[in-house]
Amino acid sequence: MTVVVVGAGLAGLRAAEAVRGHGLAVTVLGDERHLPYNRPPLSKAALRESATAADLAFRIRRDDLGWRLGQPVVGLDLYRREVLLADDTVPFDALIIATGIRPRVLPVPGPPPMVLRTVEDAEALRRALTPGRRLLIIGAGFIGCEVAATARAMGCAVTVCAADAEPMIRPLGEHLGAGLRRRHEQAGVEFHLGVGVSGYEPSGVTLSDGRTLTADVILSAVGSVPNTQWCAGNGLDLVDGVLTDNRLCAVRTTAAGEEGAEAPVLAVGDIARFPNPLFDEVPRRIEHWSMPTDTGRRAGAVIAALLAGQSPALDFRPLPSFWSDQYDATLQSFGMPALGVPTLASGSWDGDCIVEYHRDDVLVGVVGVNRTRELATYRPRIGSVSDASQPAAD
Amino acid sequence: MKIIVDLDKCQNYGQCTFEAPTVFALDNDGVLVYQTEADSALADDVNAAADVCPMQAITIIHD
């Protein structure tokens, strides 16, 4: 029995470790030539000071995982149970899809701006951000905000333009987003919000309202797109990532019965769109750092059970969490604040605080600014049902 | 086993305290405190704590 993991990021690594831990042989295919490395530092410490993929490499628990790196996957044939490389095929008995996401590119004419996804992207951006240079960031999400804070510390002039009304408004809500914006403004960052980009110029951008912004360096950080194109044509639901059930098994849109349809196919990490009964039955993708580890472990247990002819329990209810460091603010979140209505629980919107997010009467998320220890006490209370104290059990 | 935390990397996120609460904790100021030695019976928990550290600041040396 051979399990093939496509994608050598954190989710692929944790899935491979879990699969191997259940006694199954596993091979990991990766398009980057590096072993799995940690990406959050790319917008922070690894932007301030040069870092290699080796510097950022994850600790790998096992030395008996098979790796094929620097080999982009170009296709999938579920009927033949083969993953297609440019000049080779890799057979599998079970497949784990862990190809993650890539930066979204705006359909805008002109020379394309920089993006930040890989360690090479970070190194190129770091070299460009010499003191006094003017950086324009398109997008006010996690990466845009973190790079803004880091670039200010590096002595760059920073402007942020975004279609959203406030920074990080989707995960945090309007009030906390506005508080975050004021932190950035106090640090000297200039914002142009609620406006789109209609053209890239060699020395700036044209905005949708006709204004132009000039800059020496332009970074596009406008969200991400799941890397699922290589899975097309196999009857999987790829509308937004890979649709799975609570076991993380891919939902097939074509009738089973063919030989290949029996092979377990799972998705993990940023691209797995699965229902989490901690909140409801709606399948969602969650691009938070905690999900690759939780889904990777789960996938290992599910594949081991399926290959042994057992039925995995439908009890996967991981508690999502994220962190972000900007200036002296450490933001930390548990749950899915985007599902709820924010209420200030303590502190102030502009300073250190705890914000609760409720949907109906249920606490669905909590965000703290510099309140890590206090925030931890909220964890067991998050979720729709009583047994919410055991996230990510498998 | 021995446990080493790179305190230059550690940002006191406290994720480790959920995986191995008998080894890692945050003090009243929210700063990490931890045991530098742990019984091998806790290996699974301590390994899980090292996995979930966002800064990857935890090193484990097995005896």
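This is a predicted model: local features need pLDDT of at least 70, side-chain atom pairs count only at pLDDT 80 or more; totals for chains, interfaces and linings use all residues.
## The interface of chain A and chain B

On the side of chain A that touches chain B, the elements that give two or more residues are helix α7 (290–307), strands β21 (321–326) and β22 (329–335), and helix α8 (372–376). By class, this side of chain A is made up of five nonpolar, six polar and seven charged residues. Counted by contact, 18 residues of chain A meet 21 residues of chain B.

The size of an interface is often given as the accessible area lost when the parts come together. Between chain A and chain B the buried area is about 1700 Å², and carbon and sulfur atoms give 47% of that area. Within chain A, the residues that lose the most area to chain B are A:Arg59, A:Trp323 and A:Arg373. Together these three residues make up 33% of what the chain A side buries.

## Salt bridges between the chains

Four salt bridges are found across the interface of chain A and chain B.

## Aromatic pairs

A pair of aromatic rings is described by the distance of the centres and the angle of the planes. Over all chains, the whole structure contains six aromatic pairs. One of them is formed by A:Trp323 and B:Tyr13, whose ring centres are 5.8 Å apart and whose planes stand at 50 degrees, a tilted arrangement. This pair crosses between chains: A:Trp323 belongs to strand β21 of chain A, while B:Tyr13 sits in the loop between β1 (2–5) and α1 (15–19) of chain B. A:Trp323 and B:Tyr13 are both buried. Ring pairs also bring A:Trp289 together with A:Trp323 and B:Tyr13 in a cluster.

A:Phe334 and B:Phe18 form an edge-to-face pair, with 5.8 Å from centre to centre and 85 degrees between the planes. Why does this pair join two chains? It does so because A:Phe334 lies in strand β22 of chain A and B:Phe18 in helix α1 of chain B. A:Phe334 is buried, since its relative accessible area of 1% falls under the 20% cut-off. B:Phe18, at a relative accessible area of 29%, is partly exposed, because this value lies between the limits of 20% and 50%.

A:Arg183 is a residue of helix α6 (residues 174–186) of chain A. Is A:Arg183 buried or exposed? With a relative accessibility of 15%, A:Arg183 counts as buried. Its side chain makes a polar contact, at 3.4 Å, with the side chain of A:Asp328. Beyond the neighbours within four places in sequence, the residues in contact with A:Arg183 include A:Tyr327, A:Ala329, A:Asp350, A:Gly351, A:Asp352 and A:Val369.

A:Arg298 is located in helix α7 of chain A. The relative accessible area of A:Arg298 is 4%, so this residue is buried. Which backbone oxygen lies 2.7 Å from a polar atom of the side chain of A:Arg298? That oxygen belongs to A:Ala313. The backbone oxygen of A:Asn246 lies 3.2 Å from a polar atom of the A:Arg298 side chain. From C-alpha to C-alpha, A:Arg298 and A:Pro312 are 9.8 Å apart in space, and 14 residues separate them in sequence.

## Positive phi values in loops

A:Asp360 is a residue other than glycine with a positive phi, near 55 degrees. Its place is the loop between β24 (353–359) and β25 (362–369) of chain A. A:Asp360 counts as exposed, as its relative accessibility is 71%.

A:Asn370, in the loop between β25 and α8 of chain A, is a residue other than glycine whose phi is positive and near 55 degrees. A:Asn370 is partly exposed, with a relative accessible area of 28%.

How values were computed
Residues are numbered from 1 along each chain as its sequence is written. Chains are lettered from A and ligands numbered from 1 in the order in which they are written. Side-chain values use heavy atoms; hydrogens and water are left out. Contact means heavy atoms within 4.5 Å. Buried area is the accessible area (1.4 Å probe) that two parts lose on being put together, summed over both. A salt bridge is a side-chain nitrogen of Lys or Arg within 4 Å of a carboxyl oxygen of Asp or Glu. Helices (H or I, at least four residues) and strands (E, at least two) are DSSP runs, numbered from the N terminus. Ala, Val, Leu, Ile, Met, Phe, Trp, Tyr, Cys and Pro count as nonpolar, Asp, Glu, Lys and Arg as charged, and the others, Gly among them, as polar. Rings of Phe, Tyr and Trp (its six-membered ring) pair if their centres lie within 6.5 Å; planes under 30 degrees apart count as stacked, over 60 as edge-to-face and the rest as tilted. Buried means under 20% relative accessible area, exposed over 50%, partly exposed in between (1.4 Å probe, protein chains only). A polar contact is a pair of N or O atoms within 3.5 Å; within protein, one must be able to donate a hydrogen and the other to accept it, and residues adjacent in sequence count only if both atoms are side-chain atoms.
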